[in-house]
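Welcome! Take a moment to look over the sequence and the fold before reading on.

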Amino acid sequence: MKRQGAVALLTLLIVQWALSTGVCAQTAIIPSLTISERYDSNIFFAPKSLLRPDSKPEDFITSVIPQINIAHQGSRIRGSLFGSGIVTKYLHNPNRDFTGYNVGGQLDLRDVAQQISPRMMSLEMRGTYRSTPTTSGFGAAGGGLGAGFGSTSGAVLETGQVTNRASRQILTLGVTGRYQLTGLTTLTAGYDYSHLSFGEQQGGVNNLLFDTTTHRGSTTISTRINPRDTVGATATMSHFIQEDSGGSLGRGSFTTIAETLNWSRLWTQQLTTSLSGGAILKLPVGSDLPGQSTKSQLMPTVGATMTYTSYSDALRDVGALEGLPSLAGSLASGGILPPGAYIARMSYRFGLLPSFAFGAGPVKVHVVGINATGGITSKLSGQVGMNYSHGTRSAPTSTFDTVGLTAGANYLLGPVLASLTYNWLFFSREADPSLSNQSTQYEFSKKVVLLSFSYAFFSPSFFNEGISLPSSVGTERSPSGDGPEILRKE
């Protein structure tokens, strides 16, 4: 499965590159290099009392991260690619040295789709592949060079669950299209695939980890009822396949169907909100094995987001590769915001997602995320973030709580971006006492201080304005959808 997924992603990237080399094409290719040093109080993401006596959880880590960003805009096709590697050396744990990598791309086929039907408003393909022995997403104590917390995304690794240090590979593929039904109503449909797999566990801690494959399809109908309000409904069907990474506990699967009503409102040019609420149904699972059959389960699902922003054009144009997950140390363009530009966002989500650690099956998860980013001077930007997650699962019963706090600053030293980030993570899990092979209490915290220096070759504006194309390309529009964008230079 991992090999097939990697081949599929590579095929997507090759097709994107081949299609994008057309007439009137403009391409920006920006290599970059980052050198970082960090202090980590717990490199194993595990209670220190469970580690081997000779383990050294505190360490200083040096990383070298080469990266290349490519943004393309042709007569009909737009897209972006990035690839980064990370070579990591540990001072006190040289046997933990590793090399990881992260590749991804997005292809905007809106102009091609409109040749088929003028009502096609967007068509986008995207994919990423990551390989690293450290956690990524919520719980990563910094997924990139900036602050790492604040997300409430529905991705499997962003539910607040945290497991011990183990090698892992993560593949994501997706396609999304938007069709204009009437002048005020649009239909959005999408399919997403992801595969999370685990390998060797480290530090002498061996938890139950489950490889998880996700198939998710969704449709959304949205209608603008006035200049400020948009309402609609979303239907989502998700199928999860889980298998014990050690191969001893077999495999299982479950399916959920969710329906929500949505409302978004533009209160002012600075303040926007979005609300969604409905129900999610877990379909029953039948089995001849004792204890393997499960009944259907119906529960509410809720989502809410409030965003307050300076609403400047410069702020909207920041973050060319923001839509793609990053390996620790990966760079996103536009790291320095203009003075006075800011954005603050608070999000909440409650739903049903798969548990990938300690036990498989569905888990109810509340996630709250708050983050704020602002430009202080023309060379200095700051960011703070917080996440809180509470999860509950049954059969067997267990709960977990996760808190993540982060603060960071980026400063331009000539053409070099200096970044300083502090992260604190706390994870606590309480299991059913009937589980004889696990401790009923699993709790740890960790602190990470990261100092890094990055240089983007051939592009002095990379950290200020993001990836930009020559002005001859035009500035009338940028790609739509949730993926990365090719940014316009105003």
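## A buried phenylalanine in a loop

F356 counts as buried because its relative accessibility is 1%, under the 20% cut-off. The model you are looking at is a predicted one. F356 sits in the loop that runs between β13 (342-354) and β14 (362-375).

Which residues surround F356? Leaving out residues up to four places away in sequence, F356 touches V156, L157, Q161, T163, L196, F198, L208, L209, F210, T212 and Q242. Along the chain, F356 and S197 are 159 residues apart, yet their C-alpha atoms are 9.6 Å apart in space.

In soluble globular proteins, nonpolar side chains tend to be buried together. Here the largest nonpolar core has 31 residues, and those touching the most other members are V162, L196, F356, L425, F427, Y442 and F444. Two or more residues of this core come from each of β2, β3 (78-90), β6 (166-180), β7 (185-201), β14, β17 (416-431) and β18 (441-456). With three residues, β14 gives the most to this core.

Apart from neighbours within four places in sequence, Y442 is in contact with F45, A46, P47, L50, N164, V205, N207, F358, F427, S428 and R429. There is also a second, separate core of eight residues, among them L331, I336, L417 and A456.

## The chain as a whole

How many helices and strands does the protein chain have? There are four helices and 18 strands. Of the 490 residues in the chain, 48% are buried. Among contacts with a separation of 6 or more, 66% are between residues 24 or more positions apart.

The chain exposes about 21700 Å², and carbon and sulfur atoms supply 60% of that area. One nonpolar surface patch, of about 610 Å², is made by L33, I35, V64, V87, Y455, F457 and F458. V64 belongs to strand β2 (residues 59-73), and V64 counts as partly exposed because its relative accessibility is 34%.

Is H195 buried or exposed? At 9% relative accessibility, H195 counts as buried. H195 is part of strand β7, and its side chain makes a polar contact with the side chain of T213 (2.6 Å). H195 and T212 are 17 residues apart along the chain, with 5.8 Å between their C-alpha atoms.

S55 is in the loop between β1 (26-40) and β2. S55 is buried too, at 15% relative accessibility, and touches F44 and G203 when residues up to four places away in sequence are not counted.

## Salt bridges

Side chains of opposite charge can pair when their charged atoms come close. The whole structure holds six salt bridges. In one of them, the side chains of D40 and K446 meet at 3.0 Å, N to O. This pair ties together parts that are 406 residues apart in sequence, because D40 lies in strand β1 and K446 in strand β18. D40 is buried, at 5% relative accessible area, and K446 is buried at 1% relative accessibility.

R265 and D229 form another salt bridge, their closest N and O atoms being 2.5 Å apart. R265 is in strand β10 (residues 251-266) and D229 in strand β9 (residues 229-244), so the pair joins parts 36 residues apart in sequence. Finally, E124, R126 and D192 are linked in a network of salt bridges, in which the closest N and O atoms of R126 and E124 are 3.2 Å apart.

Note on methods: Residues are numbered from 1 along each chain as its sequence is written. This is a predicted model: local features need pLDDT of at least 70, side-chain atom pairs count only at pLDDT 80 or more; totals for chains, interfaces and linings use all residues. Side-chain values use heavy atoms; hydrogens and water are left out. Buried means under 20% relative accessible area, exposed over 50%, partly exposed in between (1.4 Å probe, protein chains only). Contact means heavy atoms within 4.5 Å. Patches are made of residues with over 30% relative accessible area and no salt bridge: like charges are joined within 9 Å, nonpolar side chains (Val, Leu, Ile, Met, Phe, Trp, Tyr) within 5 Å. Accessible areas come from the Shrake-Rupley method with a 1.4 Å probe; for residues, only the protein chains shown count as cover. A salt bridge is a side-chain nitrogen of Lys or Arg within 4 Å of a carboxyl oxygen of Asp or Glu. A nonpolar core is a set of buried Ala, Val, Leu, Ile, Met, Phe, Trp, Tyr and Cys residues joined through side-chain atoms within 4.5 Å. A polar contact is a pair of N or O atoms within 3.5 Å; within protein, one must be able to donate a hydrogen and the other to accept it, and residues adjacent in sequence count only if both atoms are side-chain atoms.
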